[in-house]
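Visitor: I am new to protein structures, and I would like to learn where the words come from. Could you walk me through this one?

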Amino acid sequence: MTPPSGAAAASLKAAPSSAAPARPAFGTVLAPTMVVSKYRDGKWTPLDTRPVGAIEVHPAAHVLHYASTCFEGFKAYRWADGSVNVFRMDRHIERLRQSARALVLPEPDADQLAQMIRLAIEKNRDQVPEAPGALYMRPLLFGTTPNIGAAATPADEATLIVLASPVWDYFAGGMKPLRIYVEDVNSRSATQTGRVKTGGNYAAALGPTLEARKQYKSDQVLFAPGGEVQETGAANFLLIKKGKILTRSLDSTFLHGVTRDSLLTMARDDGYSVDERVFHVPEMLEWSRDGEAALSGTAAVLAGVGVLIHRGKEYQLSGGDVGPTTQELRQKLVSIQRGEIADRHGWITKI
Ligand SMILES: Cc1ncc(COP(=O)(O)O)c(C=O)c1O
């Protein structure tokens, strides 16, 4: 299937269709239909399927003042047999529910979320690209109670929307090795909200990410507050060698990536020794001498790191290229997602 044209998909920007790139940048084009449900008077309204477009939000809405918002991101793949399959849908549903609880937002139940996601995919089925593309699913939940005095009061009204977007590469340039700036002082988020997928965390990481891009031409920032390695602005961080993975153990300070979990499970299945623990910048830099590093996430999949930049010094990994074990792991994960090898763990939901 060819990428959606400007006419078939709802464009975020009104660009002349003749100027539309063959593969639009990640997230810049939306599939035409969204699914909406609103929470008020203690219950959710029936699911509403409608064209993607502006929604009305009161200027006093809770989210606009007190950032009561969370979201998810995961992919539906079109397999070679034409079927459409979602990777680890249940995990993403659970993570959205956990984010909602952390932000004291009305919590949709898992069945409702699954129904909304299925509906959004069904209505946009012709928008699911063939490999290497996918339909990126973006459920979004935010507090709408109109009350500017509600800093210490949770939103009791909310909107839940499921958007879909046909996507290809996340990082411009595709599978090129990344340049990663190591921030060893500041955090990406407050300690207790690192594992919550909420907009404020991304807003907080934006300034440091742009600054590092300007100064060091880096693609992403790896946050290592106080020297403890955590994650980047939009992906988890893994140190990799043949038969070995080292990554930070789960705690409240960073997002518990579904891709991270999938890769670690796959690696354990294949006899890797997987070390999940706290580690510091010097150990990571030592690892760079003969090891690999990569970012894991729904969007990044497993993106190899070519250079770590720390305090003005550059440390090359794998000769500045994507490492061979990183490529192997990535290939295996992608093959499961595309139905090319068996799904041993029940990770796939057919739509
Ligand atoms: C901050 C952050 N960490 C990690 C991840 C990876 O999570 P997942 O593998 O569930 O996509 C993401 C991407 O969604 C992210 O935004």
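Guide: Gladly! Let us start with a word: a residue is buried if 20 or more other C-beta atoms lie within 10 Å of its own, exposed if 12 or fewer, and partly exposed in between, with C-beta atoms placed from the backbone. Helices (H or I, at least four residues) and strands (E, at least two) are DSSP runs, numbered from the N terminus. By these rules, the buried residues of α3 are L113, M116, I117, A120 and I121.

Visitor: Why are those buried residues said to line one face of the helix?

Guide: Looking down the axis of α3, the buried residues fall within an arc of 130 degrees, so they line one face. The arc is that of the directions from the helix axis to the C-beta atoms.

Visitor: And what do the buried residues of α3 pack against?

Guide: Their partners are β3 (33–40), β7, β8 (84–87), α2, β9 (134–143) and β10 (158–167). Contact here means that the C-beta atoms of two residues, placed from the backbone, lie within 7 Å.

Visitor: How do you know that the span of α3 agrees with what a helix should give?

Guide: The expected span of a helix is 1.5 Å times one less than its number of residues. Helix α3 (residues 110–123) has 14 residues and should therefore span 20 Å, and its end C-alpha atoms are 20 Å apart, which agrees.

Visitor: Before we go on, what sort of model is this?

Guide: This is a predicted model, in which local features need pLDDT of at least 70 and side-chain atom pairs count only at pLDDT 80 or more, while totals for chains, interfaces and linings use all residues. Residues are numbered from 1 along each chain as its sequence is written.

Visitor: Why is L206 called exposed?

Guide: L206 lies in helix α4 (residues 199–216). It has 11 C-beta neighbours inside 10 Å, so it counts as exposed.

Visitor: What makes V301 buried?

Guide: V301 has 24 other C-beta atoms within 10 Å, and therefore it is buried. This residue lies in strand β18 (residues 301–310), and its phi is near 60 degrees, a positive value in a residue other than glycine.

Visitor: Is R311 buried or exposed?

Guide: R311 has 7 other C-beta atoms within 10 Å, so it is exposed. It lies in the loop between β18 and β19 (313–316).

Visitor: Which residues does a cis peptide bond join?

Guide: A131 and P132, with omega about 10 degrees. P132 is in the loop between α3 and β9.

Visitor: How is the chain divided into domains?

Guide: The domain assignment gives domain 1 (10–167) and domain 2 (178–337); such bounds come from an automatic or database assignment. Their centres, taken over C-alpha atoms, are separated by 26 Å. In contact are 18 residues of domain 1 and 11 residues of domain 2.

Visitor: Finally, which residues are closest to the ligand?

Guide: Of the 13 residues that surround the ligand, the closest are G257, V258, T259, G297 and T298. A residue counts as near if its C-beta atom, placed from the backbone, lies within 6 Å of the molecule. The elements giving two or more residues to this shell are α5 (258–269) and β17 (292–297), and the largest share, three residues, comes from α5.
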